[in-house]
Amino acid sequence: MTSNAPTLATTGKVRPHQTQNEALVFEKSSPGKRAYKLPPLDVPPVDSAALLGAAHRTTPGLLPELSEIEIIRHFTRLSTWNYAIDLGMYPLGSCTMKYNPRVNELVSRIEGLAEAHPYRPDSLAQGILEVIDLLQRCLIEITGMDAITLQPAAGAHGEFTGILLVRAWHQSQGNPRRKILIPDSAHGTNPATAAICGYTVENLKSNAEGGIDLEALTRQVDEETAALMLTNPSTIGVFESRIARIAEILHAKGALLYMDGANMNALVGKARPGDFGVDVMHLNLHKTFSTPHGGGGPGSGPVACKAFLEPFLPAPVLVQNQNGTKCWEYERPQSVGRVRAFYGNTGMFIRALAYILANGPDGLRQTTEDAVLNANYIRHKLEDLYELPYKTASMHEVVFSDKRQAALGVKTGDIAKRLIDYGFHPYTVSFPLIVHGALMIEPTESESLEELDLFIAAMRSIAREVEETPELVKTAPHSTRVSRLDEVQAARKPVLRWRPEQQQAP
Amino acid sequence: MRYLPKSPAEREQMLAEIGAASIDDLFAVIPAAYRLNRDLDVPRQHAESEIIDYFRAAADKNATGYASFLGAGAYRHYRPVIIDSLVQRGEFLTSYTPYQAEITQGTLQAIFEFQTMIAELTGMDVANASMYDGSTGAAEAAMMAARVTGRHQAVVASTVHPEYREVLATYAKHQGLPIGLAGYDAKTGCIDLAALEMAVTNETAAVLVQSPNFFGVVEDIPAIAAIAHAKGALLIVSIAEAVSLGIVRPPIEADIVSMEAQSFGVALSYGGPFCGVMACKEQYIRQMPGRLVGQTTDGSGYRGFVLTLATREQHIRREKATSNICTNQALVALMATIFLTVYGKEGIRELAEHNLAKAHYAAKALSQNQGTTQLFAGAPLFHEFVLQTEEAPAAWSKRLMDEKIVGGIELSRWYPELGNATLWCATEIITRAQIDTAAKVLAAAPVEA
């Protein structure tokens, strides 16, 4: 078998099918086509050139001109080139690609919620304010914290907000402090966040188990340490069982414990960060609380904190009037300031609350248990073929390394691409950085036993291919519309937009 | 639980295979003291029908059916139906960031089209895949200008959306980026060019203005650019009302454009999710934050798209990245792309003309009674305008609400010097009848004895 002979998977998940070609929308345009019709203007028309003078636009932007059916087909055809949770397991570690319930989409589009203007008077916004209030109370209960802001637009934005709270608190104690400790296993957003908050990043080396090295931590925490940014469970899917001791070491020097809540799907209903010493944390509603990833956003990154950090939350904060109605409080003298216009990604709040209502306390706990069960099942079924760099018990995800396969010249990225031919989205590749050649697999609770077994069969089949036909794996995928794309060319001579004179490629 | 695809027997079978006696074995690593041994105190499990009932009731409490003259950075435009039909396709909705290009060409090509449309509309060379919103985009643009110029001060017009300025202040505080404020001309509502010229120095990294500005007035971008560029500063133009670009000359003299694209088919949704986007001159690409999609080819020479220039980003550069942004607003950018495809080259102009006409009619109708005047009336405006009333806004807004109309927003919370002034917006949605009713109510101030 050679790399030129695309080989179909044999695990029963996929068969080839036709995909349609589709040019860029600009290449399909022709002048005079219309997909819109405005109602007749019921006020006198105006002479826009005269009214705007020099500010009048004389050259229109080159937007495409198509009819409605062509637009529907264009975007529908494009959509068929995407893999999606709706098509199958999406085992991206750290991303929590769980089912996105459709009722969430429906309720977020109810007119009275979807059409609410952010500056409408509070008296006309009591319904949405009650939704926000209930979500806030649920998230505070789930995290075991005391206060929350929903303003941040995504996880990294939540990190930014959380570290600003840390900084403002230290400042109120007389010294903002200088550095943030970040384990070498952390997400890239953690150090980037610390830097934009004006902190120096100090790397904390993981111990032999991939966890926090308590001795190193004790050595490195000093009076200039503002906080430790910790992901728990860690990026290798392991619960930091000495978390309370870690908090103690930090607190003894006046430093705070920040928790990256990316992996909260392993904890909801089973353990609460507020109970094990965390001072401030962010959540990702688009991970743990089922709001859709949408091809990269929108997300929502609420930040929950202990009571002593509450005065520093971004303004405005939702409060209750004496008569029981709710309103926004803007006068927050110690606030870190605003991190976003208006109040946050409200549409995502509605979806997250719908998810919590659909689950209830029993459903949330069962969800966490199933997520952890699925990861452990995969671990058990693959650990004979793939190297497990850390033997510690896995929570919601499992991280293998490509050590055995790399010895035969096949790397984690190749195995990931080959998974595509078997009908799966790849796992997370080459992260966390502390595992050389990492395969980071997070199945989430949304996978049935049948789908898990298909995935396991695919991974086992690929392990065999690595030994028997390594070229087949190294040149994968073989069944997609496009084969591996030339990323070097894309970066060396960036083409970031279509231009009219551009030649149409095949 | 209806979202969980496992039977009790399957759970038992899996536990047995793993060699765990019970599910608790898998959580034994959490010290007993921190295990939650009770139910979370959240609402009980709800049926789907109950969930819908709950949110319908909340929506009803929001008092629907009001005509609204609110704008100020969040605009109500008609949203073509096909936007929601297309973005609710699971292949778009439930897909991740397109890092695996071979199976995300749909998202990647759509973003490439979005980048092209934004570049065309703004007059910039390139645009990114989106930012959180207009406010954070403006803050990130100022930080980008500091990186490009190696300077560490910025001058911001006081006519930039006040909440955008607050967000900028939050970001700039820890970047060592002091912000100077340039005031506005009390007659025109435009930035005071003389004050701007005084404020900009050889240390200024960027001048940030908004056009149309917070008062709805179109700024003189070429004149502002000349002042910024004379001192080697970059010009950042923030655009809060994207539909204006159908009829207002794009800010081609700018170095960076930071735009809020909510007007392109995105629901108001009480302020989010919206869709920020940043565009710039070609030479600054490598300092731009956010994701970028580029065109390339595959092994067989077929055109394809990939995320590119990732060495700017946090997952590669960590603390040396241009920004910490990761998740952006991809699905909302897709809504904007579909909106712009529906309206197209002619439609976006026609739509903008309707907005212009409605606003001019409304400004005239609402300011015709004796106690009301239009401020900044001589300056070119798009679809927002400022009214000064003798009567306090609290009084007339109550009368308007009785007629199921929400009037303009009070400006004194941000501009105390403007007294009773209010900012009004009239998009293509508002009808002549609604404007006439509002004018009548506004004029009907009770006669003082």
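How many residues of chain A are in contact with chain B? In this predicted model, 169 residues of chain A are in contact with 166 residues of chain B, two residues being in contact if their C-beta atoms, placed from the backbone, lie within 7 Å. Local features need pLDDT of at least 70 and side-chain atom pairs count only at pLDDT 80 or more, whereas totals for chains, interfaces and linings use all residues. Residues are numbered from 1 along each chain as its sequence is written, with chains lettered from A in the order in which they are written.

**Interface, chain A side**
- Helix 10 (residues 346-382) of chain A supplies the largest share of the side that touches chain B, namely 23 residues; helices are DSSP runs of H or I with at least four residues, and strands are runs of E with at least two, numbered from the N terminus.

**Chain A**
- Chain A has 15 helices and 12 strands.
- Its radius of gyration, taken over C-alpha atoms, is 26 Å, close to the 23 Å that the globule rule (2.2 Å times the number of residues to the power 0.38) gives for 506 residues, so chain A is as compact as a globular protein of that length.
- The C-alpha trace of chain A spans about 75 × 65 × 45 Å along its principal axes.
- Of its 506 residues, 58% count as buried, that is, with 20 or more other C-beta atoms within 10 Å of their own, C-beta atoms being placed from the backbone.

**Chain B**
- Chain B comprises 13 helices and 15 strands.
- Buried residues make up 61% of the 449 residues in chain B.

How values were computed. A residue is buried if 20 or more other C-beta atoms lie within 10 Å of its own, exposed if 12 or fewer, and partly exposed in between; C-beta atoms are placed from the backbone.
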